[in-house]
Amino acid sequence: MTQQEALFKYTLRLGDNALILSQRLSEWCSNAPFIEEDLALTNFALDMIGRAQVLLRYAGEVEGKEKSEDILAFRRSERQYYNNQIAEQPNGDFACTMVRQLFISAFELYLFTELQKSKDATIAAVAAKTLKEVRYHLAHAEDWIIRLGNGTTESHNRVQQAVNDLWMFTGEQFEMDETDNLLIAEGIAADLHALQPLWSNYIENILSKATIKTPQDAYMQTGSRKGIHTEHLGHLLSDMQYLQRAYPDAIW
Amino acid sequence: MVATTYSKEEILQLLSAIADPEIPVVSISEIGMLRDVMITDAGCEVILTPTYTGCPAMGIIEADIKALLHENGIEPVTVTMVYTPAWTTDWINDAARAKMNAYGIAPPKRSSCGSVADAEKHINCPICNAADTTLVSRYGSTACKALYKCNSCKEPFEYFKCH
């Protein structure tokens with residue numbers, strides 16, 4: 001693997017995580033429990049689509065095959081996507097959406113804090129910008145988890161259920177492969193193993209404030225680094241890519 | 001190549017007429033989005049920095065810049081987005097803050113990179129200036145604004161969030 005190939009894959013991974021979660025969150029549009037939450041969730045989606053656009057455009061430049069961000073978003077099949085599986089998990093109920101957000105935003109807080117120091121100027125710039133947005137996403141998810149966890153028996157149980165269900169997807173965020181190792185040596189990527197204890201402490205603290213038990217299961221899902229996904233990604237892509245697949249090159 | 005008949009300062013002056021589509025009382029230069037203008041043999045390059053990565057106003061602003069410079073015979077124009085240093089609400093100047101407040105949007109606090117929780121406290125009502133206000137929703141009509149209500153005059157208002 002050359003440095004160029006590694007950078008392409010790494011940038012795709014960062015971009016895909018933002019794109020896929022953005023698509024998921026946008027499914028809440030007009031379906032959230034109340035209007036303010038509808039605005040919050042769709043604004044999160046907007047932040048992420050902006051981030052995905054910059055990163056996928058850059059990935060296209062790195063690859064050097066004249067693929068635009070739109071081509072990369074709409075003309076790849078699921079095995080060519082490198083987002084963590086947690087990003088593609090269905091919205092479920094509101095508790096599930098917020099737990100997913102908490103797990104991902106907390107990871108992103110530590111990831112982008114590190115990537116601000118990346119020797120790749122574009123990644124460092126995107127990281128600095130994204131970090132400001134992630135802080136708001138995390139504050140929002142955190143507030144909800146604490147509120148719902150301490151709320152009624154129903155809201156507490158739903159948060160606990162979501163935490164239990166999503167837990168097995170959290171480990172993958174910290175997996176590293178040849179891509180990471182090559183780019184860490186160049187000062188471009190972040191050492192994800194070093195972020196894991198920070199993330200775990202943070203999550204345990206929030207869950208304990210929410211009176212929610214942190215699962216002790218060791219089993220973790222894996223696969224996305226190789227483009228292997230859960231059954232949900234294909235359905236998401238068929239929806240997201242429909243227009244470009246049916247009418248290639250259609251523009252506004 | 002007509003751009004050479006204008007100085008950089010004159011072009012910046014022209015561009016200061018372009019408003020932020022989301023807050024029409026404030027210009028792109030007052031809000032800190034317009035970073036630089038470069039005149040080269042290849043034409044005029046306008047350097048912008050986006051406020052938010054997904055800000056839908058960026059496309060409109062780019063079109064507005066090209067149209068305005070075209071009207072003044074300045075061509076060709078390229079608009080380049082730079083992401084570093086990242087835009088911060090600290091770049092919004094005092095004149096723009098005063099205009100925002102008069103328009104009914106509470107301006108962001110300074111030194112905006114502290115904690116989100118701190119940034120949300122003690123926001124004065126832009127209408128009656130009361131300090132007794134409550135956050136209603138962290139997200140408003142746009143990603144950059146939150147919704148508040150004033151407990152004194154009872155009016156709802158928007159707050160431009162620290163970023």
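Biologist: How are residues, chains and ligands numbered or lettered?
Modeller: Residues count from 1 along each chain as its sequence is written, while chains are lettered from A and ligands numbered from 1 in the order in which they are written. In this predicted model, local features need pLDDT of at least 70, side-chain atom pairs count only at pLDDT 80 or more, and totals for chains, interfaces and linings use all residues.

Biologist: How many helices and strands does chain B have?
Modeller: Helices (H or I, at least four residues) and strands (E, at least two) are DSSP runs, numbered from the N terminus. From the N terminus on, chain B reads α-β-β-β-β-α-β-α-β-α-β-β-β. That comes to four helices and nine strands.

Biologist: What box do the C-alpha atoms of chain B fill?
Modeller: The box is taken along the principal axes. Its dimensions are roughly 55 × 25 × 25 Å.

Biologist: How far apart do the C-alpha centres of domain 1 and domain 2 of chain B lie?
Modeller: Domain bounds come from an automatic or database domain assignment. For chain B, this gives domain 1 (3-81) and domain 2 (92-160). Their C-alpha centres are separated by 27 Å.

Biologist: How many residues of each domain of chain B are in contact with the other?
Modeller: Two residues are in contact if their C-beta atoms, placed from the backbone, lie within 7 Å. On the domain 1 side, five residues are nonpolar, three polar and two charged. Here Ala, Val, Leu, Ile, Met, Phe, Trp, Tyr, Cys and Pro count as nonpolar, Asp, Glu, Lys and Arg as charged, and the others, Gly among them, as polar. The contact joins ten residues of domain 1 to eleven residues of domain 2.

Biologist: Which strands are the edges of the three-stranded open sheet in chain B?
Modeller: Two strands pair if DSSP finds at least two bridges between them. The order is β3-β4-β5 in chain B, with mixed pairing. Each edge strand pairs on one side only: β3 (34-40) and β5 (77-81) of chain B.

Biologist: Which residue of β4(B) stands opposite Leu34(B)?
Modeller: β3(B) and β4(B) (residues 43-48) are antiparallel, over six bridges. Leu34(B) has a residue of β4(B) opposite, Leu48(B).

Biologist: What angle does helix α2 of chain B make with β5(B)?
Modeller: Axes are lines fitted to C-alpha atoms, for helices over the stretch in contact, and angles run from 0 to 180 degrees between N-to-C directions. Helix α1 (residues 8-15) of chain B lies across β3 and β4, at about 135° to β3(B). Helix α2 (residues 57-71) of chain B touches β4 and β5, and its direction makes with that of β5(B) an angle of about 155°.

Biologist: Which residue is the bridge partner of Leu147(B) in β9(B)?
Modeller: A four-stranded open sheet has the order β6-β9-β8-β7 in chain B. Its edges are β6 (105-106) and β7 (133-137) of chain B. Five bridges join β8 (residues 145-150) to β9 (residues 156-160), an antiparallel pair in chain B. In β9(B), Leu147(B) is partnered by Glu158(B).

Biologist: Which element gives the most to the side of chain A that touches chain B?
Modeller: The contact takes 23 residues from chain A and 17 residues from chain B. On the chain A side, α2 (35-63) and α6 (121-149) are the elements giving two or more residues. With 13 residues, the most comes from α6(A).

Biologist: Which element gives the largest share of the largest nonpolar core?
Modeller: A nonpolar core is a set of buried Ala, Val, Leu, Ile, Met, Phe, Trp, Tyr and Cys residues joined through C-beta atoms within 7 Å. Of its 111 residues, Leu55(A), Val99(A), Ile145(A) and Val159(A) touch the most other members. The largest share, 15 residues, comes from α2(A).

Biologist: Is Leu115(A) buried or exposed?
Modeller: A residue is buried if 20 or more other C-beta atoms lie within 10 Å of its own, exposed if 12 or fewer, and partly exposed in between; C-beta atoms are placed from the backbone. Leu115(A) belongs to helix α5 (residues 94-115) of chain A. Leu115(A) has 22 other C-beta atoms within 10 Å, so this residue is buried.
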